[in-house]
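Hi everyone, thanks for making time for this.

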Amino acid sequence: MESRGQLLIVDSDPIALASISEMLQSEGYECDMASATETAEVRIIQGAFDLLIIDAGMPGNTDLAFISEIRKILPSIPILVLSDSPTVSCCMAVMALQAADLASKPISREELYSKVESLVVQGQISTQVRASRIRLDEWSRDLHMLEQVLDQGAHAAQTARSLVLMTMRNIVG
């Protein structure tokens, strides 16, 4: 079965971590798990995730500080925040940190599937846009170099030919 998306689930409760992971794996998602914010941060830096699912009340996430740190690394990744008792201040903090959604724990299977499905699509689109932006920046640099060489005149024809070939290879992929 083809993976429906890459998820990182971060929760200090081993039962909740295993339960959420099992539910989502049964639906075709690849799930990585972390029971501590330090471990999660390493995995976030090393991996490519479509969605992060994070417990609001876990150690190391006081006042959602961990989510604030994630936003510095990955400003556009969707984050689903789970909370045992979402208060008004928790909801406001989640919104301020631009987390994609907030849900109460325990979360029902149906609600989890619904939220994850839409947020994974959002994450995959965000990843594609980021990759396209990087590729566009590379093309722009290549074309700028080509313009500079062409401005130098005919004596740079060989260099220009090499740059054209390099640019075409980047465009074609």
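Let's start with a cysteine. Cys31 has a relative accessible area of 16%, and because the cut-off for buried is under 20%, Cys31 counts as buried. Compare that with Cys91: that one comes out at 30% relative accessibility, so we call Cys91 partly exposed. Keep in mind, by the way, that what you're looking at is a predicted model.

Now, two cysteines might get you thinking about disulfides. A disulfide is a covalent bond between the sulfur atoms of two cysteines.

Okay, who touches Cys31? One contact is Ser21, which also touches Ile9 and Met33, leaving aside residues up to four places away in sequence. Ser21 sits in helix 1, which covers residues 14-26. And is Ser21 buried or exposed? Buried, with a relative accessibility of 2%.

The five strands form an open sheet with parallel pairing, and their order is 2-1-3-4-5. Look at the ends of that order: strand 2 (30-34) and strand 5 (101-104) are the edges, and each has a single partner strand, so one side of each has no neighbour in the sheet. On average, neighbouring strands are turned by 20 degrees against each other, ignoring direction.

Further in, strand 1 (residues 6-10) and strand 3 (residues 51-55) run parallel and are joined by four bridges.

What about the helices? Helix 2, residues 37-46, packs on the sheet and touches strand 1, strand 2 and strand 3. The direction of helix 2 makes about 140 degrees with that of strand 2. Helix 4, residues 88-96, lies across strand 4 (79-83) and strand 5, and runs at about 150 degrees to strand 5.

Put together, the protein has six helices and five strands. Reading from the N terminus, the elements go β-α-β-α-β-α-β-α-β-α-α.

Last bit, the overall shape. A compact globule of 173 residues would have a radius of gyration near 16 Å, but this protein has 22 Å. The C-alpha atoms fill a box of roughly 70 × 35 × 25 Å along the principal axes. As for the inside, 37% of the 173 residues are buried.

Note on methods:
Residues are numbered from 1 along each chain as its sequence is written. This is a predicted model: local features need pLDDT of at least 70, side-chain atom pairs count only at pLDDT 80 or more; totals for chains, interfaces and linings use all residues. Side-chain values use heavy atoms; hydrogens and water are left out. Two strands pair if DSSP finds at least two bridges between them. Helices (H or I, at least four residues) and strands (E, at least two) are DSSP runs, numbered from the N terminus. Axes are lines fitted to C-alpha atoms, for helices over the stretch in contact, and angles run from 0 to 180 degrees between N-to-C directions. Contact means heavy atoms within 4.5 Å. Buried means under 20% relative accessible area, exposed over 50%, partly exposed in between (1.4 Å probe, protein chains only). The radius of gyration is taken over C-alpha atoms; the globule rule is 2.2 Å times the number of residues to the power 0.38.
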